[in-house]
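Reader: I would like to learn how to read a protein model feature by feature, with the general idea set out before each case. Could we go through one together?

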Amino acid sequence: MENVAIIGASMTQFGQRDGWVLDLLSEAGTACLDDAGVSPDVIDHLYVSNMASGEFEGQTGIMNAVAHDLAAMPAYTARIDQTSSSGGAGVKHAWQSVASGASDMTLLVGAEKMTHRTTPEATDVIASITHPMEYKHGVTLPSFAGLTARLYLDTYDAPRESLGKVAVKNHRHGVHNEHAQFQKEVDLETVLESPMVADPLRLYDFCPITDGSAALMFCPESVAKEYTDDYVLVPGVGGATDTHVVHERADPTTMRGVVESSNIAYDMADLGPEDVDVAELHDMFTILEFLQSEDLGFFEKGEGWKAVEEGRTEMGGDLPINPSGGLKSKGHPLGASGVAQVYEIYEQLLGEAGKRQVDDADTGLACNVGGFGNCVITTLMEAV
């Protein structure tokens, strides 16, 4: 199996955007083609990561429409839906298409258009991720987050302020991301005094509703060398699934999908958590950054909050987490988020992240979570 490379990437502005999901997909796809220096007629496979274009705007068949808009026919197309980890699932499909030898050039574009809906409407679409019986009783992802946060704080004697410091950190990082929805700092007092959503989590513990798109170009390393000297390798991608019903888990503070998917990726790449220089984690809620950082093996169980308190996950720390600002600051357009995570690691490994550049970043990791850990994709990347 030949090494899989990424030779181009793009990301649109995240936030409240005019236009519809097809406009966003075409914007990111065109920019990625330009960045890679690839003609659309050489694309073999085109994948579109998207969770709910039908539910949000009544638009289906978007993968075929994007191929048309990008003049990428007759490329094989498919829409990849894996709830809020659709972007990561798209990365896995695109990687597999190249690693298997089925494609010499694969374009992945992820997008979601959400802000035209009211908050209750958007929340209802997202809540459909949950088990039908949970959904029937009004259970939402924020309620799971609140319950798990309370369990974590009580079990590991963590102060409530430690969660707020995740939001403060990621907003500080997002100031330097020109694509982020929120490019402003917040202080701890603002976070801790924001409106309660799901005790103990408040408004600033949650990511926003967002429009946006991102894209990546995959090919074998031998083909990459024909186009550029500036590319990164993807030596490991792992995917895993946890229980659909959250209360069936032995320990809700352990995300088995994160553990299993990262173990697959580490084994595939012959790397370990100690090799990772920079990471993009799925901080849809602040508590998720603690859980993922522990289940990925970066910190011992129950020690993730201490790493944040000690500044270890900030820029300049020994393992910067979410230099992009994370979902908290950057925004969370469902189908694009996992693609945008890999975009950030790509920029970091090429040394092109500007003011948010992590020093000596040679190996990066992206972890994209669907639902409340129901499905997870972990991607490892290396500079050449």
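**Pocket, sheet and cavity**

Author: Let us start with the pocket, where α5 contributes the most to the lining of the largest pocket, with four residues. This is a predicted model, in which local features need pLDDT of at least 70 and side-chain atom pairs count only at pLDDT 80 or more, while totals for chains, interfaces and linings use all residues. Residues are numbered from 1 along each chain as its sequence is written, and side-chain values use heavy atoms, with hydrogens and water left out.

Reader: What is meant by a pocket, and what by a cavity?

Author: Both are found on a 1 Å grid over the protein atoms alone: a cavity is a set of points where a 1.4 Å probe fits but cannot get out, whereas a pocket is an open set with protein on both sides within 12 Å along at least five of seven lines, and lining residues have an atom within 4 Å of a point. Grid points are joined across faces, edges and corners, and a volume is the space filled by probe spheres set on the points. Here the largest pocket holds about 530 Å³ of space. Its lining has 22 residues, of which Leu 203, Phe 206, Cys 207, Pro 208 and Ile 209 lie nearest the centre. The elements that give two or more residues to this lining are α5 (119-127) and α7 (141-156).

Reader: How do the residues of the pocket lining divide into nonpolar, polar and charged?

Author: By the convention used, Ala, Val, Leu, Ile, Met, Phe, Trp, Tyr, Cys and Pro count as nonpolar, Asp, Glu, Lys and Arg as charged, and the others, Gly among them, as polar. The lining of the largest pocket then divides into 16 nonpolar, four polar and two charged residues.

Reader: In what order do the strands of the open sheet lie?

Author: Helices (H or I, at least four residues) and strands (E, at least two) are DSSP runs, numbered from the N terminus, and two strands pair if DSSP finds at least two bridges between them. In this model nine strands form an open sheet of mixed pairing, in the order β3-β2-β4-β7-β1-β8-β11-β10-β9. The edges are taken by β3 (76-80) and β9 (278-280), each with a single partner strand, so one side of each has no neighbour in the sheet.

Reader: Which strands pair with β1, and over how many bridges?

Author: Seven bridges join β1 to β7 in the antiparallel sense, and Ile 6 stands opposite Phe 218 in β7. Strand β1 (residues 4-11) is also antiparallel to β8, joined to it by two bridges; in β8, Ile 6 has Val 232 as its bridge partner, and Ala 5 has Leu 233. Further along the sheet, β8 and β11 run antiparallel and are joined by eight bridges, with Gly 239 opposite Ile 377 in β11.

Reader: How many residues of β1 and of β8 are buried?

Author: Buried means under 20% relative accessible area, exposed over 50%, and partly exposed in between (1.4 Å probe, protein chains only). Eight of the eight residues of β1 are buried, so β1 is largely enclosed by the rest of the structure. Strand β8 (residues 232-241) is mostly covered, with seven of its ten residues buried.

Reader: Which residues line the largest cavity?

Author: The structure holds one cavity of 30 Å³ or more, and the largest cavity has a volume of about 30 Å³. Gly 88, Val 91, Gly 338, Gln 341, Val 342, Ala 366, Asn 368, Ile 377 and Thr 379 form its lining. The elements that give two or more residues to this lining are α4 (86-99), α15 (334-350), β10 (363-370) and β11 (375-383), and α15 gives the most, with three residues. By class, the cavity lining has four nonpolar, five polar and no charged residues.
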